[in-house]
Amino acid sequence: MNNKTNTIKKKKKQSKTKLSFDSRIDYALILPAFLLTAIGLYAIWVAVSHDYPTQAVKMVGQQGTWIIVGVILALIVMHMDSRLLWNLTPVFYGFGLILMVLPIFFYSQSVYDLTGARNWIAFHNTNLFQPSELMKIAYILFLARIVVSFQNKLKKRYIRDDFILIGKIILATLPIAVLAALQEDFGTFMVFLAIAAGIVLVSGVSWKIILPVLTAAALVAAGIVAMVMNPDGQELLGNVFSQYQVNRFVAWLHPFEYTQTFSLQQSRALIAIGVGGLFGRGFGVANVNVPVRESDMIFTVIGEDFGFVGSTFVILLYFALIYRMIRVTFQSNNQFYIFISTGIIMMILFHVFENIGAAIGLLPLTGIPLPFISQGGSALISNIIGLGLVLSMKYNQLPEFVMVREAGRKSLENKKARLSRTSQQRVKTTGRRRSSK
C-alpha cells in the first residue's frame, strides 16, 4: 500500500516538474530560428569557400562558436524573471551607451574606407564586435520600462500624456542618435527608429499624433528620392549625408549604370538572384561574385542556389518566427514583457524587410544583416538573446492552475477581511447602543 502511494506521489511530482519546465518552452518558436541558423551556416560556407577558400573552415567555425555563446546567453536571459530584468535595464542601457562611444575612437580604417561607417570596435585592424547590435536589446528593455512606468502612473489618459510619453522616448533615443551620427551609421539607427515606432504604436498613443507623423515621414522619404534623382538634389543631400550614403541611393535607383564603382554590389546581387531562376542552380553554386555576400548579401547565395522556391521557404520561416512571437505576446500577462516582445519583433522584422528588400532591389543598401543567417557575431548574438527574451515570457509565466489558485486565495483573503471589518463595525455599534442606554 505504501509503495503504491509513493508511486502516485512520484508521478505527480514528475508531472509537476514537467509542467514547470518542459511545457513552458515554446519549441514552435525555436524551430524556425534553428532552421534559419542552419541555413545560415550552409550559406556562409558556400560564400566563403568561393571567395576566401582558405578561410572557410575558420569563418564557419567562428559562426558556430557565436551561436553557442548566443544560446548560453539566451538561456540565462530566459531564466531571468521580469523583476530582475526591470532592475538591470538602466545598467544595460548605460553600459550600451558607453560601448557605442568606443568605435568612434577605436575603429579599422580599412573597414571605414569600405563601408563609410565607424561602427565596429577594432584593435590593430582586427574587428572585435559591433556595440550598436547589443545596444538594440538594451534600448528595447529601456523603452519597455519607460512605457510601463509611465502608464502605471496614469489614472486617466489624455492626449497631452501621449506627447509626454513620446518626449520621454525621444530623450532615450537622442544619445543613440548622436552616437550613430558620429559613427556615420544611418542604417543601424533606422533599426532603432523602427523599434521605437513599434513600441509607440502598441503603447496606445492617439492616432491623432501617429497619422501626421507617418504622413510627414512619407513626405520626407519621397523628397529624398526626388532629390537623389536630381544632380542638384544629390549635392544638397551631400551636406546632410556622407557621399558614400548618397551613392547608395544612386546605386539603388540606377544599379546598372555605375557597375564599375559604387553600384557593383547592387547590380551583382540582382544578377545572382536572377540567375537562380525558379529552383536554383544547385547546392554549393555561387558563380556570381557579389562583394561581402557572406554578411550583408547572404540572401543572394540562397537565391542563386535554391531559386525562387528556396528564397520563399526562407521568407516563410521568418513569417513563422514572427507569428509565434506575436502569439506568445498576446498570451502574456506581463505588461513589461509585452513591450519587450514588441521591440524584438520590430527589430527582426525590420532587419528582414531591409536586407531582403535591398538584395532584390526594392530598397537601398544599408549594411543591415539578415537575422540568424548573415555572418557576424554581434548581430547573431543579439538576435538569439532577443529570442531568449521572448521565450522567457512563457517560461516565467505562472501555470494557469497556479494563477487560479492565487486568485482564489486572494479572493478568500479579501472576503475574510470584509467579514472582519463588518464584525468589528457591529461590535462598535453594539457598544455604542449599550453605552447610550
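The structure is a predicted model, in which local features need pLDDT of at least 70, side-chain atom pairs count only at pLDDT 80 or more, and totals for chains, interfaces and linings use all residues. Residues are numbered from 1 along each chain as its sequence is written, and side-chain values use heavy atoms, with hydrogens and water left out.

**Overall picture**

- The protein has 16 helices and 2 strands; these are DSSP runs numbered from the N terminus, with helices being H or I of at least four residues and strands E of at least two.
- Of the 437 residues in the protein, 44% are buried (buried means under 20% relative accessible area, exposed over 50%, and partly exposed in between, with a 1.4 Å probe and protein chains only).
- Among contacts with a separation of 6 or more, 70% join residues 24 or more positions apart; a contact here means heavy atoms within 4.5 Å.

**Helix 2 with helix 3**

- As background, two packed helices are described by the angle between their axes and the distance between the axes.
- Helix 2 (residues 27–51) packs with helix 3 (residues 56–78) at an angle of about 160°, and their axes are 9 Å apart (axes are lines fitted to C-alpha atoms, for helices over the stretch in contact, and angles run from 0 to 180 degrees between N-to-C directions).
- Helix 2 is therefore roughly antiparallel to helix 3 (under 35 degrees is roughly parallel, over 145 roughly antiparallel, 65 to 115 roughly perpendicular and the rest oblique).
- On the helix 2 side, the contact includes T37, L41 and W45, and on the helix 3 side it includes V57, M59 and Q63.
- The residues of this contact of helix 2 with helix 3 divide into 9 nonpolar, 4 polar and no charged (Ala, Val, Leu, Ile, Met, Phe, Trp, Tyr, Cys and Pro count as nonpolar, Asp, Glu, Lys and Arg as charged, and the others, Gly among them, as polar).

**Helix 13 with helix 14**

- Helix 13 (residues 298–331) and helix 14 (residues 335–359) have axes 11 Å apart and pack at an angle of about 165°.
- That angle is why helix 13 and helix 14 count as roughly antiparallel to each other.
- Helix 13 passes helix 14 in a left-handed crossing.
- Residues of helix 13 including F299, Y318 and M325 meet residues of helix 14, among them I338, N355 and A359.
- The contact of helix 13 with helix 14 has 14 nonpolar residues, 3 polar and no charged.

- V301 is found in helix 13 and is buried, because its relative accessible area is 1%.
- V301 touches A43, V46, A47 and R293, leaving out residues up to four places away in sequence.
- The C-alpha atoms of V301 and V46 are 7.5 Å apart in space, although 255 residues separate the two in sequence.
- E133 sits in helix 6 (residues 131–153) and counts as buried because its relative accessibility is 2%.
- Apart from neighbours within four places in sequence, E133 is in contact with H351, P369, S378, A379 and S382.
- L114 belongs to helix 5 (residues 109–115) and counts as exposed because its relative accessibility is 57%.
- L114 and Y244 are 130 residues apart along the chain, with their C-alpha atoms separated by 9.4 Å.

Conventions:
Left-handed = near helix turned anticlockwise from the far one by under 90°.
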